[in-house]
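Trainee: Please take a close look at one part of this protein, the salt bridges, and explain what they join.

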Amino acid sequence: MPVSNSDIAALFNRLAELLEIEGANPFRVRAYRNAARVIDELPQSAASFLAEGKDLAELPGIGGDLAAKIEEIVRTGRLKALEAVEREVPEGLVELSDVPGLGPKRVKALYERLKIRSRRDLAKAVAAGKLHGLKGFGPKLEERIGRELGRATAPSKRTLLSVAEDVGEPLLEYLKATRGVRAAAIAGSYRRRKDTVGDLDILVACDDSAEVMGRFLAYDGVRDVLARGATRSAVVLRSGLQVDLRAVPEESFGAALHYFTGSKAHNIAVRALAVKRGWKLNEYGLFKGEKRLAGQTESEVYERMGLRYIEPELREDQGEIDASRGGTLPALIELADLKGDLHVHTDASDGRSTLSEMAAAAKAKGYAYLGISDHSRRVTIAHGLDTRRLGRQIDAIDRLNGRLRGIEILKSVEVDVLDDGSLDLPDSILKELDYVVCAVHSKFSLPLRAQTERIIRAMDNRYVTIFAHPTGRLLNERPPYDVDMERIIDAARQRGCALELNAQPERLDLMDIHCRMAKEAGVKIALSSDAHSAAGLDLMRFGIGQARRGWLEAGDVLNTRPWKEVRALLRRG
Ligand code: DGT
Ligand code: CA
Ligand code: CA
């Protein structure tokens, strides 16, 4: 993987932060911060910039010294200057500057005046009242720091659902193959198809729990055993993911599955309904006094409670219980509803499969159409298409369609939204396409209003029909850019644009809550794999999970329809 611009920016920002803690010359600190911003906003990757023989020193704010450092990072992935400073600054200080309310300047003051060099030192000093009267630390700030320190330390990373699936499904199969196991399932956030999971909660119904527990602890992928018991054990797998296993009798499996699927908020709300009737609901069953009313299956539990079955993806206490009682639950979209995919790449840009390989794979999945949306020219790292190359692709698709039976290949592009909201390709070529996907790949740090208006301006183009991965987030890597989704949804509605739900496991963008907002506004969703290879078409299942969490039904999603109907919906006035 080439070093990305955001990697380079992160190294410079960290260097600036450490230098500031060290009390370095403020101009130097600012120069590195500036460089980070310039690189971050560069419309092209620094790596390709260099590969084209261009001189980085010509960029604003980048002198010869910075240019050499950028080149070092691109070549080696490292920055020696940063490593040198990292050796000088006590480790705890860096961690301290992550405490909300404490920037590098305050960390430096704490270190110099009170010899505070870790979160622990700081917690002690706060408790002892040593921050009183320290210049720059008023009572409000002191209170805030105390509060922040009381919280758990830096949030640990959650595991992507796709990674949890890779690790969890083989383990589940292994447990299912144990003698005496009647049923087994992964519950928790995994079953609710959340984009990330904190840990896996596996449930088994079995005759002999000791046998299952023994086999679980002996699993090849186990790194540490955290707890072992007759009906409950917990381990950490080599991937770092924690797994809790619970064994229950078969007659309680449904109640336990309901309990451990959660969410906690959903459980509490359902249990309150039981209590209202004078019943008791827990992981063993639904009881009236000593009498078991239900428990073997989840459906039975819901039914006995007077509720229609609630799909796991909806169980967040976001109105699903009232909808269940009132008979207004959505009929959630399923994978089999999809008739095509509207956003995939080929090896013309950064995909790894050819046009005809992608077409064959889509046909094998039973799709009636496949939309090719390769990158446009400005995304140089992805070898984006200019007008001439896109024109050639259009001809190639026409020829391919002449040969293919049973599937139609659609002509599209993932056109880059430029800094001012104009598009990276002229209308003269966009109008030759079946539809146009647009997306943001740069200037992630624009303020809320400017970013929102930039995107709305892109949607103003009459050929744009789908706005892809609308918030730009990359799970565990990059937060969403600042954008007013309410305004974006409203603008999409006015212009007859659709919003994409990108099924890539690290994107899942739109997020669930925004899917629901879009649905309520009557804005259609394009559920797209954004596949970069033939195998990538299968990532669609993660998008389906997110769509279901967003209460989407087949009718809310464009590509559950035949292409003719999609085309009619996308046609702009
Ligand atoms: P995660 O692991 O952070 O992604 O989220 P979950 O939802 O998997 O949560 P987890 O692993 O802590 O617990 C699994 C399920 O167990 C949770 O969804 C609901 C249930 N549960 C856990 N603690 C409680 C509780 O205190 N009360 C109730 N009613 N249910 C609980
Ligand atoms: Ca969990
Ligand atoms: Ca758990």
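Mentor: Accessible areas here come from the Shrake-Rupley method with a 1.4 Å probe. On that basis the protein chain exposes about 26100 Å², and carbon and sulfur atoms supply 49% of it. The model is a predicted one. Of its 573 residues, 53% count as buried.

Now the charges. Side chains of opposite charge can pair when their charged atoms come close. The protein chain has 89 positive and 85 negative charges, and a search of the whole structure finds 40 salt bridges.

One of them joins Glu316 and Arg192, with the closest N and O atoms 2.8 Å apart. Glu316 sits in the loop between helices H15 and H16, and Arg192 in the loop between helix H11 and strand E3, so the pair ties together parts that are 124 residues apart in sequence. Glu316 and Arg192 are both buried. They also belong to a network of salt bridges that links Arg192, Glu316, Asp512 and Arg549.

Lys519 pairs with Asp556, the closest N and O atoms being 3.0 Å apart. This pair links distant parts of the chain, 37 residues apart: Lys519 is in helix H22, while Asp556 is in the loop between helices H23 and H24. Lys519 is partly exposed, at 22% relative accessible area; Asp556, at 14%, is buried because the cut-off for that is under 20%.

Asp490 is partly exposed at 32%, and Arg493 is partly exposed at 42%.

Note on methods. Residues are numbered from 1 along each chain as its sequence is written. Chains are lettered from A and ligands numbered from 1 in the order in which they are written. This is a predicted model: local features need pLDDT of at least 70, side-chain atom pairs count only at pLDDT 80 or more; totals for chains, interfaces and linings use all residues. Side-chain values use heavy atoms; hydrogens and water are left out. Buried means under 20% relative accessible area, exposed over 50%, partly exposed in between (1.4 Å probe, protein chains only). Lys and Arg count as positive and Asp and Glu as negative; His and the chain ends are not counted. The place of a charge is taken as NZ of Lys, CZ of Arg, CG of Asp or CD of Glu. A salt bridge is a side-chain nitrogen of Lys or Arg within 4 Å of a carboxyl oxygen of Asp or Glu. Helices (H or I, at least four residues) and strands (E, at least two) are DSSP runs, numbered from the N terminus.
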